[in-house]
Amino acid sequence: MISKLIKFEILGDERGSLIALEENYNAPFEIKRVYYIFDTKEGVERGFHAHKNLKQLCIAVKGSCTFVLDNGKKREEIKLINPTQGLFIEGLIWREMKDFSIDCVLVVLASEHYDENDYIRDYDKFLKEINSVSIW
Ligand code: TYD
């Protein structure tokens, strides 16, 4: 399995539910950045890149969307449908995102500040990077 889903403990009482995310606990890295994707237009696909160094925890806190993860050997689809689980992505993984519901709010916790140099946005370069890493 390429995907690593983290199931969060739901804290709650008769008033409703609450989930807490804590760095180096249920978010397994130091959190340096949080961003969210929302108002995604119908039919839009996003991502189409890998990261050299970044760790991310992606949570559909509202609505749903589908991730495609690709490790250069196989591809996997993971649908995020509720706020009680997060998709943890680390290492050289190509990701694509699709099938956003119109109400989807996708929150992403990230281990590094934004750095365009950490992106690999070309699939062939991604495959070359994978192969150069696996030699060692
Ligand atoms: P990008 O990561 O390419 O979006 P996606 O993978 O969801 O398709 O980011 C889209 C744009 O937003 C790009 O110009 C970079 C910018 N951006 C930031 O400035 N800071 C950030 O933290 C992120 C994630 C993106």
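How many bridges join E7 to strand E8 (residues 75–80), and in which sense do the two run? There are 6 bridges, and the strands run antiparallel. Keep in mind that this is a predicted model.

**The five-stranded sheet**
- An open sheet is built from 5 strands, and reading across it gives the order E1-E9-E6-E11-E4, with antiparallel pairing.
- From one strand to the next, the twist averages 25°.
- Inside that order, strand E6 (residues 56–62) pairs with strand E9 (residues 85–89) over 3 bridges, in the antiparallel sense.
- If you want a landmark for this pairing, look for Cys58, which stands opposite Leu87 in E9.

- Of the 6 residues in E7, 6 are buried, so the strand counts as mostly covered under the cut-off of 20% relative accessible area.
- In a regular strand, side chains alternate between the two faces of the sheet.
- For E7, both faces are covered: one side carries Cys65, Phe67 and Leu69, the other Thr66, Val68 and Asp70, and all of these are buried.
- Towards E8, Val68 has Glu77 as its opposite residue.
- The hairpin of E7 and E8 has 4 residues between the strands, and Gly72 in this hairpin takes a positive phi near 90°.
- E7 also pairs with strand E10 (residues 94–98), in the antiparallel sense and over 5 bridges.
- In that pairing, Leu69 stands opposite Arg95 in E10.

- Ser64 sits in the loop between E6 and strand E7 (65–70).
- Is Ser64 buried or exposed? Its relative accessible area is 14%, and because the limit for buried is under 20%, Ser64 counts as buried.
- Setting aside neighbours within four places in sequence, the residues in contact with Ser64 are Lys79, Leu80, Ile81, Asp99, Phe100, Ser101 and Cys104.

**Gln56 in strand E6**
- Gln56 belongs to strand E6, and with a relative accessible area of 4% this residue is buried.
- Not counting residues up to four places away in sequence, Gln56 touches Phe29, Tyr35, His51, Leu87, Phe88, Ile89, Arg95, Val108, Leu109 and Ala110.
- With one of these, Tyr35, the side chain of Gln56 makes a polar contact of 2.9 Å.
- By C-alpha positions, Gln56 and Leu11 are 23 Å apart in space, with a sequence separation of 45 residues.

**The ligand site**
- Which residues surround the ligand? They are Arg33, Tyr35, Ile37, Arg46, Gly47, His49, Met97, Tyr114, Tyr119 and Arg121.
- A polar side-chain atom of Arg33 is 2.4 Å from a ligand oxygen atom.
- For Arg46, an N or O atom in the side chain lies 2.8 Å from an oxygen atom of the ligand.
- A polar side-chain atom of Arg121 is 3.0 Å from an oxygen atom of the ligand.
- The ligand taken alone exposes 530 Å², and the protein buries 62% of that area.
- Two elements, E4 and strand E5 (46–51), each give two or more residues to the shell around the ligand.

Note on methods:
Residues are numbered from 1 along each chain as its sequence is written. This is a predicted model: local features need pLDDT of at least 70, side-chain atom pairs count only at pLDDT 80 or more; totals for chains, interfaces and linings use all residues. Side-chain values use heavy atoms; hydrogens and water are left out. Two strands pair if DSSP finds at least two bridges between them. Axes are lines fitted to C-alpha atoms, for helices over the stretch in contact, and angles run from 0 to 180 degrees between N-to-C directions. Buried means under 20% relative accessible area, exposed over 50%, partly exposed in between (1.4 Å probe, protein chains only). Contact means heavy atoms within 4.5 Å. A residue is near a molecule or strand if one of its heavy atoms lies within 4 Å of it. A polar contact is a pair of N or O atoms within 3.5 Å; within protein, one must be able to donate a hydrogen and the other to accept it, and residues adjacent in sequence count only if both atoms are side-chain atoms. Accessible areas come from the Shrake-Rupley method with a 1.4 Å probe; for residues, only the protein chains shown count as cover.
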